[in-house]
Amino acid sequence: MQRWRGQDDVPSDWGRCVLTIGVFDGVHRGHAELISHAVKAGRARGVPTVLMTFDPHPMEVVFPGSHPAQLTTLTRRAELAEELGIDVFLVMPFTPDFMKLTPDRYIHELLVERLHVVEVVVGENFTFGKKAAGNVGTLRNAGERFGFAVETVSLVADHHQSEAVTFSSTYIRSCVDAGDVVAAAEALGRPHRVEGVVVRGDGRGRGLGYPTANVAPPMHSAIPADGVYAAWFTAQAGDRHMAAVSIGTNPTFSGRTRTVEAFVLDADADLYGQHVAVDFVARLRGQEKFDSVDDLITAMGRDTAKARSILADQA
């Protein structure tokens with residue numbers, strides 16, 4: 001899969017393509033359905049399929065300081081898009097100038113002149129251009145003028161706890177924020193992942209008999225609610241291990257800094273400086289302040305045993 005950043009990366013001799021557009025944060029089940037339609041259209045027409053996403057998140061430019069919690073890094077987004085059959089992953093820098101493009105300029109300069117689209121596949125609620133003035137109707141009218149087709153894909157919904165829910169990045173963020181990683185996984189089609197670099201902490205876990213990897217995620221990462229979780233821990237080399245992961249401020253020790261600390265089961269490798277991934281499977285309990293260190297150690301033993309039991313069923 002080719003990866004381009006900005007329209008200047010588009011080769012001068014670029015031919016025609018099928019295009020799908022969106023932020024695609026999470027690449028959840030709704031996104032997967034949209035991408036599937038685009039890939040099928042590209043293969044039927046014998047042309048590449050391009051996925052266009054944006055960096056930073058458009059909300060950060062439109063309303064500075066309002067960047068939503070990020071479900072996936074751009075690198076992870078590209079990996080998932082490639083798995084779904086995308087040929088080109090195009091990241092458009094979302095700048096104030098880009099934000100001001102009118103729908104007509106957006107279509108003519110980018111879709112027609114630069115990408116040479118023969119078909120555009122978008123969600124039924126898709127909007128674009130200055131002040132989100134463009135919509136599916138705008139695309140269809142332009143398609144009649146410039147000779148490209150437009151396919152819309154309905155939003156994907158399912159039932160969770162007897163309620164109908166529409167899968168969206170906003171819904172998944174709310175699940176993660178509440179610590180409901182099971183509901184998040186149902187909407188994503190896989191466990192919610194937090195990536196980061198292992199940094200040195202205070203070393204307290206080793207003294208308690210539970211050495212932890214202190215994972216520092218990128219800014220704006222969607223971190224589950226404080227508590228203890230069963231998770232899969234993937235090291236930089238690709239080795240995957242069971243883990244019990246604590247998120248919070250370590251209230252038993254009057255901590256103030258929120259951390260993500262993974263006790264990796266059945267492994268004792270030096271992880272400092274490694275880029276790792278944590279896939280959250282189940283929440284074991286909320287964050288607690290214990291009366292004594294011994295009580296904390298006992299709880300950590302229970303957490304570890306429970307995490308092992310849950311993850312063993314998935315191994």
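# Cores and crossing helices, with a guide

Visitor: Which residues have the most contacts inside the largest nonpolar core?

Guide: They're Ile-21, Met-52, Leu-111, Leu-115, Leu-139 and Phe-148, in a core of 32 residues. Keep in mind that this is a predicted model: local features need pLDDT of at least 70, side-chain atom pairs count only at pLDDT 80 or more, and totals for chains, interfaces and linings use all residues. Residues are numbered from 1 along each chain as its sequence is written, and side-chain values use heavy atoms, with hydrogens and water left out.

Visitor: What makes a set of residues a nonpolar core?

Guide: The members are buried Ala, Val, Leu, Ile, Met, Phe, Trp, Tyr and Cys residues, joined through side-chain atoms within 4.5 Å. Buried means under 20% relative accessible area, exposed means over 50%, and partly exposed is in between (1.4 Å probe, protein chains only).

Visitor: Which elements give two or more residues to this core?

Guide: Strands E2 (17–21), E3 (49–55), E4 (88–93) and E5 (117–123) do, along with helices H5 (103–112) and H6 (136–146). H5 gives the most, with 5 residues. The labels are DSSP runs numbered from the N terminus: helices are H or I with at least four residues, strands are E with at least two.

Visitor: What is Leu-111 in contact with?

Guide: Skipping its neighbours within four places in sequence, Leu-111 is in contact with Leu-19, Ile-21, Tyr-106, His-116, Val-117, Val-120 and Leu-139. Contact here means heavy atoms within 4.5 Å.

Visitor: Which residues make the contact of H5 and H6?

Guide: From H5 you get Pro-103, Asp-104, Ile-107, His-108, Leu-111 and Val-112; from H6, Thr-138, Leu-139, Ala-142, Arg-145 and Phe-146. They divide into 7 nonpolar, 2 polar and 2 charged. Ala, Val, Leu, Ile, Met, Phe, Trp, Tyr, Cys and Pro count as nonpolar, Asp, Glu, Lys and Arg as charged, and the others, Gly among them, as polar.

Visitor: What makes H7 roughly antiparallel to H8?

Guide: The axes of H7 (residues 169–178) and H8 (residues 181–188) come within 7 Å and cross at roughly 155°. That angle falls in the range over 145, which means H7 is roughly antiparallel to H8. Tyr-171, Ile-172, Cys-175 and Val-176 of H7 meet Ala-183, Ala-184, Ala-187 and Leu-188 of H8. This contact divides into 8 nonpolar, no polar and no charged residues.

Visitor: How do you know that Thr-304 is buried?

Guide: Thr-304 has a relative accessible area of 11%, and the cut-off is under 20%, so Thr-304 counts as buried. This residue lies in helix H10 (residues 293–312). Leaving aside neighbours within four places, Thr-304 is in contact with Tyr-210, Ala-244, Phe-263 and Leu-265.

Visitor: Which residues of H3 are buried?

Guide: In H3 (residues 74–83), they're Arg-76, Arg-77, Ala-78, Leu-80 and Ala-81. What covers them includes strands E1 (2–5), E3, E4 and E11 (192–199). In the whole protein, buried residues make up 50% of the 315 residues.

Definitions and conventions
Axes are lines fitted to C-alpha atoms, for helices over the stretch in contact, and angles run from 0 to 180 degrees between N-to-C directions. Angles under 35 degrees count as roughly parallel, over 145 as roughly antiparallel, 65 to 115 as roughly perpendicular and the rest as oblique.
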